[in-house]
Amino acid sequence: MPGAGAAGGYRTYFPFFSDFRGRNVTALRVGESVALGSIFLLALVGNVWGICLLAWRRHRLCVANCLVLNLFCADLLFITAIPFISVVRWTESWVLGDVICHMLFYMMTLSGTVIILSLSAVSLERVVSIARLRHAACRRRKVLAAALLVWGFAAAVTLPLCCFFTVVRLPAAAGEEVQICTLVWPSTAGEILWDVTYAIVVFLIPGLVIVISYSRILQITKASRKSLNAGLAYSQNHQIRVSQQDYKLFRALIVLMISFFIMWSPVIIIIFLILVQNYKQDLNILPSVFFWIVLFTFANSAVNPVLYNVAHFRRKCHEILLCFTGNHIGNGAGTETTAKRSKREQPNLSFITR
């Protein structure tokens, strides 16, 4: 994350969401608030809907589904920053106090870290389950331990943001003072070290794990489809047979991965540019640019549940909608149809059939 740097004997600060734009910007503020509110509502409804769908099928939850549930919870935590950002865009000066200044960016980075670690854990769990030829049952203790490990590691690696984000008072026109919430590192070397370490450990390495894992899964899936097209239950090498439903889920998870890197890469890039700005005074990054890039990143929290739910729970969504609208099927025929469908239906994330 960017912070403070020294230039020409004076300390400069990046104001993040505080943007002193003068007068006649009411229309722009309204536009920003509408954009923030729309993303907040879409992300809230989508992630709660995803959690409800997973809870609806709790008797079939596997490890991967539980990790996806972890991702939805991280998305909900991420969007809790939106109301505070909307307030700062209107007040310009930071008026939310020291505690929120310490916690706001910490929670945002924490949730982003949990999201990518959860995606990485899902990819690892899937490829390990396939390699060991076993169904990944949902053992509560192990799943809880995995979730706590992800959140604990994310909380520890992002803790410096909680410590070093602080409210700074700056002189303004007419002898007044304005407040901004900014990141003040004890040393420039510490800032650079944390930025580079975070990008490698939390962004690049999990990204490589995801790419390698899903590449292996896709290889197995393609081999399985070729074997099935040839009318064979297993290939000559006894490779694993993957169902059509599982193949669709593979694609859904890959799309989640791609959308994450597309929508989070810009904010990582601008963070490093702000760091470079401390040393190159001719590089001027406007707070409004940072705001719109972060807004684009927030949109990922609204996209994630849509990509996953539509691809994997399309039939269940339809059933729940019919239930809420009162369009019930007849008791006798309905029970028989449901029973037959349940026999044909495979577990959500069971990529392995024997």
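To count as a disulfide, two cysteine sulfur atoms must be within 2.5 Å. Keep in mind that this is a predicted model.

## The one disulfide

How many disulfides does a search of the whole structure find? The search turns up 1. Its partners are Cys101 and Cys181, with sulfur atoms 2.0 Å apart. The link is right-handed, with 95° about the S-S bond.

Cys101 sits in helix α4 (residues 97-131) and Cys181 in strand β4 (residues 177-183), so this pair ties together parts that are 80 residues apart in sequence. Both ends are hidden from view: Cys101 is buried, with a relative accessible area of 0%, and Cys181 is buried too, with 2%.

## Two helices side by side

Now find helix α1 (residues 26-56) and helix α3 (residues 82-91), whose axes come within 10 Å and cross at roughly 180°. The two helices are therefore roughly antiparallel to each other.

Which residues meet here? On the α1 side they include Val30, Leu36, Ile39 and Phe40, and on the α3 side they include Ile82, Pro83, Ile85 and Trp90. Sorted by class, the contact of α1 with α3 has 8 nonpolar, 3 polar and 3 charged residues.

Notes: Residues numbered from 1 in each chain as written. Predicted model: local features only at pLDDT ≥ 70, side-chain atom pairs only at ≥ 80, totals over all residues. Heavy atoms only, no water. Axes fitted to C-alpha atoms, helices over the stretch in contact; angles between N-to-C directions. Helix = DSSP H or I, 4+ residues; strand = E, 2+ residues; numbered from the N terminus. Parallel < 35°, antiparallel > 145°, perpendicular 65-115°, else oblique. Contact = heavy atoms within 4.5 Å. Nonpolar A, V, L, I, M, F, W, Y, C, P; charged D, E, K, R; others polar. Buried < 20%, exposed > 50% of the residue type's maximum accessible area, 1.4 Å probe, protein only.
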